[in-house]
Amino acid sequence: MKIIHVGLLLLSLGFIGYGLSTGEMSIVLTKAIRICMECIGLG
């Protein structure tokens, strides 16, 4: 069971690293800001 947890942790860290290396963080942050501005009604 522990090996499954370690494997999932390594897989998730790999996907996070891949997302950071392709610039997905700025895209997600931009979309989140737009959604928040629309919900509040400022945009």
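**View 1. Helix α1, residues 2-21, in the predicted model.** Helix α1 is made up of 20 residues, and the distance from its first C-alpha to its last is 29 Å, close to the 28 Å expected at 1.5 Å a residue. The coordinates shown here, as in every view below, belong to a predicted model. Of the 20 residues in α1 the number buried is 1, so the helix lies largely in the open. Just after α1 comes glycine 23, which takes a positive phi of about 85 degrees.

**View 2. The whole chain, for orientation.** The secondary structure of the protein chain amounts to 2 helices and 0 strands, and its C-alpha trace spans about 50 × 25 × 5 Å along the principal axes. Of the 43 residues in the chain, 2% count as buried. The chain exposes about 4000 Å², and carbon and sulfur atoms supply 76% of that area.

**View 3. A nonpolar patch on the surface.** Seven side chains are picked out in this view, namely Val6, Leu9, Leu10, Leu13, Ile16, Leu20 and Met25, which form a nonpolar patch with about 710 Å² of accessible area together. Helix α1 contributes the largest share of the patch, 6 residues. An α-helix has 3.6 residues a turn, so residues three or four places apart point the same way.

View 4. Helix α2 has 17 residues and reaches 24 Å from its first C-alpha to its last, close to the 24 Å expected at 1.5 Å a residue. This helix is hardly covered, the count of buried residues among its 17 residues being 0. Isoleucine 27, which is found in α2, counts as partly exposed at 38% relative accessibility, a value between the 20% limit for buried residues and the 50% limit for exposed ones. After α2 comes glycine 41, whose phi is positive, near 95 degrees.

View 5. A search of the whole structure finds 0 disulfides. Cysteine 36 is in no disulfide, and the nearest cysteine sulfur, which belongs to cysteine 39, is 6.4 Å away. Cysteine 36 counts as partly exposed, at 45% relative accessibility, whereas cysteine 39 is exposed, with a relative accessible area of 67%.

View 6. Isoleucine 27 and leucine 11 lie 16 residues apart along the chain, and their C-alpha atoms are separated by 22 Å. For leucine 10 and leucine 29, which are 19 residues apart along the chain, the separation of the C-alpha atoms is 24 Å. Isoleucine 3 and methionine 37 are 34 residues apart in sequence, and the space between them, C-alpha to C-alpha, is 43 Å. Isoleucine 3 is found in helix α1 and is exposed, with a relative accessible area of 71%.

Definitions and conventions. Residues numbered from 1 in each chain as written. Predicted model: local features only at pLDDT ≥ 70, side-chain atom pairs only at ≥ 80, totals over all residues. Heavy atoms only, no water. Helix = DSSP H or I, 4+ residues; strand = E, 2+ residues; numbered from the N terminus. Expected span 1.5 Å × (residues − 1). Buried < 20%, exposed > 50% of the residue type's maximum accessible area, 1.4 Å probe, protein only. Patch = residues over 30% accessible without salt bridge, like charges linked within 9 Å, V, L, I, M, F, W, Y side chains within 5 Å. Areas by Shrake-Rupley, 256 points an atom, 1.4 Å probe, with all protein chains shown as cover. Salt bridge = Lys/Arg side-chain N within 4 Å of Asp/Glu carboxyl O. Disulfide = S-S within 2.5 Å.
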